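Work through these exercises with the model open.

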Amino acid sequence: ALIDEIHSTFIESNNPKGRKFFLFDEIQNVPDWEQWVKKIYDLEGRETKLILTGSNNSMLSDRLAKLLTGRTLSKNVFPLSFREFLAFNGLNPDNPSMQKKEANHFLLRNLDAGGFPETVLEKDPDVNARRLTEYFDSILIRDIIAAKKVRETAKLAELAKYLMTNVGARLSY
């Protein structure tokens with residue numbers, strides 16, 4: 001398997017001493033990655049540290065939980081809360097002198113930024129618009145369409161855009 005080749009090539013090329021660290025991003029796209037991770041943990045134990053990231057629920061599957069019981073530590077990363085957004089902008093949300101208009105201004109900025117740390121820190125609105133579009137496309141295509149094998153992709157994209165522009169409104173699709 002490709003992941004075995006990556007691992008063995010690294011070991012052969014570098015002959016590392018001591019604990020080895022591997023970082024795999026979006027590992028859920030590699031077939032049977034869970035079995036490979038279990039095999040590495042079983043064979044190498046504490047000599048190898050694996051850091052695995054991904055962006056969909058397959059990372060939290062029952063299959064993974066059964067294979068790696070007691071060997072995992074999961075961390076879910078969510079968009080920033082409004083309180084965190086204010087802190088990113090150097091504001092104390094508990095400050096009683098913050099005016100309602102000021103709070104509303106920052107709430108609208110937070111909604112425009114999408115709540116992702118990278119977009120909150122970016123000051124160029126054009127860059128943020130492109131980045132948020134890429135996030136939307138990536139989440140829709142990779143995490144929903146590909147993961148759930150959706151055939152009517154255009155309809156799903158239309159529905160997702162409609163839902164995002166009608167948040168809080170009653171609807172029937």
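**Exercise 1: a ring pair in a helix**

Phenylalanine 82 and phenylalanine 85 sit three residues apart in helix H4 (residues 82–88), about one turn of the helix. Helices here are DSSP runs of H or I with at least four residues, strands are E runs of at least two, and both are numbered from the N terminus. The model is predicted: local features need pLDDT of at least 70, side-chain atom pairs count only at pLDDT 80 or more, and totals for chains, interfaces and linings use all residues. Residues are numbered from 1 along each chain as its sequence is written, and side-chain values use heavy atoms, with hydrogens and water left out.

Task: classify the exposure of phenylalanine 82 and of phenylalanine 85.

Solution. 
- Take the cut-offs: buried is under 20% relative accessible area, exposed is over 50%, and partly exposed is in between (1.4 Å probe, protein chains only).
- Phenylalanine 82 has 28% relative accessibility, so it is partly exposed.
- Phenylalanine 85 has a relative accessible area of 1%, so it is buried.

**Exercise 2: aromatic pairs**

Task: count the aromatic pairs and describe the one formed by phenylalanine 22 and phenylalanine 24.

Solution. 
- Apply the rule: rings of Phe, Tyr and Trp (its six-membered ring) pair if their centres lie within 6.5 Å; planes under 30 degrees apart are stacked, over 60 edge-to-face, the rest tilted.
- This rule gives five aromatic pairs.
- Phenylalanine 22 and phenylalanine 24 are stacked, at 6.2 Å centre to centre with 5° between the planes.
- Both of these residues, phenylalanine 22 and phenylalanine 24, are buried.
- Phenylalanine 82 and phenylalanine 85 also form a stacked pair, at 6.3 Å and 15°.
- Ring pairs join Phe10, Phe22, Phe24 and Trp36 into a cluster.

**Exercise 3: the nonpolar core**

Task: find the largest nonpolar core and the element that gives the most to it.

Solution. 
- A nonpolar core is a set of buried Ala, Val, Leu, Ile, Met, Phe, Trp, Tyr and Cys residues joined through side-chain atoms within 4.5 Å.
- The largest has eleven residues, including Phe22, Phe24, Trp36 and Val37.
- Strand S1 (20–25) and helix H2 (33–44) are the elements that give two or more residues to this core.
- H2 gives the most, with four residues.
- Leaving aside neighbours within four places in sequence, valine 37 is in contact (heavy atoms within 4.5 Å) with Leu50, Leu52 and Leu68.
- Another core lies apart, with eight residues, among them Leu86 and Phe106.
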